[in-house]
Amino acid sequence: MEVPYPKVEVRWIDTISHSEWHDKEQMSKLKPSDCKNRGYLFSKNKKTTILFASVTFDDKGEVDNYGDITVIPTPNVIEIIEDKKNGSGNRHNKKHILKHK
């Protein structure tokens with residue numbers, strides 16, 4: 001059974017937080033976390049990019065449930081790369097869907 005969604009790799013920036021005390025030097029070195037997720041792209045719009053990694057199929061072979069879901073704020077997305085199989089079946093071509101600088 002085939003999953004009818006593009007397989008992607010998403011690079012994005014996430015918030016970090018610290019509950020301990022920091023001095024000025026430590027504070028100046030803090031930055032957001034650079035994250036990467038792989039899965040299937042369910043949807044993308046101005047607000048959200050939704051990925052999933054697992055599915056179940058109904059008795060007709062169609063996807064009926066999604067699991068391992070990640071919802072990313074689209075403004076935090078740096079790049080989305082689609083993983084496309086080429087003719088050999090075991091090598092992949094990478095295609096940029098979105099790239100922010």
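I looked up F42 and found it partly exposed, with a relative accessible area of 38%; by the cut-offs I use, buried means under 20% relative accessible area, exposed over 50%, and partly exposed in between, with a 1.4 Å probe and protein chains only. F42 lies in strand β2, where strands (E, at least two residues) and helices (H or I, at least four) are DSSP runs numbered from the N terminus.

I note that this is a predicted model, in which local features need pLDDT of at least 70 and side-chain atom pairs count only at pLDDT 80 or more, while totals for chains, interfaces and linings use all residues. Residues are numbered from 1 along each chain as its sequence is written, and side-chain values use heavy atoms, with hydrogens and water left out.

Next I looked at the surface around F42. Together with Y66, I69 and V71, F42 forms a nonpolar patch with about 360 Å² of accessible area in total. Such a patch takes residues with over 30% relative accessible area and no salt bridge, and joins nonpolar side chains (Val, Leu, Ile, Met, Phe, Trp, Tyr) within 5 Å; a salt bridge is a side-chain nitrogen of Lys or Arg within 4 Å of a carboxyl oxygen of Asp or Glu. The areas come from the Shrake-Rupley method with a 1.4 Å probe.

Then I turned to the rings. Which residues do ring pairs link into a cluster? I found Y5, Y40, F42, F52 and Y66, and the structure holds seven aromatic pairs, counted when ring centres of Phe, Tyr or Trp (its six-membered ring) lie within 6.5 Å, with planes under 30 degrees apart called stacked, over 60 edge-to-face and the rest tilted.

Y5 and F52 are edge-to-face, at 5.1 Å centre to centre and 85° between the planes. Y5 lies in the segment before β1 (7-14) and F52 in strand β3 (residues 48-52), so this pair ties together parts that are 47 residues apart in sequence. F52 is buried, with a relative accessible area of 2%. The rings of Y40 and F52 have centres 5.4 Å apart and planes at 20°, so I record that pair as stacked. Because Y40 lies in strand β2 (residues 33-44) and F52 in strand β3, the pair ties together parts 12 residues apart in sequence.

Technical notes. Patches are made of residues with over 30% relative accessible area and no salt bridge: like charges are joined within 9 Å, nonpolar side chains (Val, Leu, Ile, Met, Phe, Trp, Tyr) within 5 Å.
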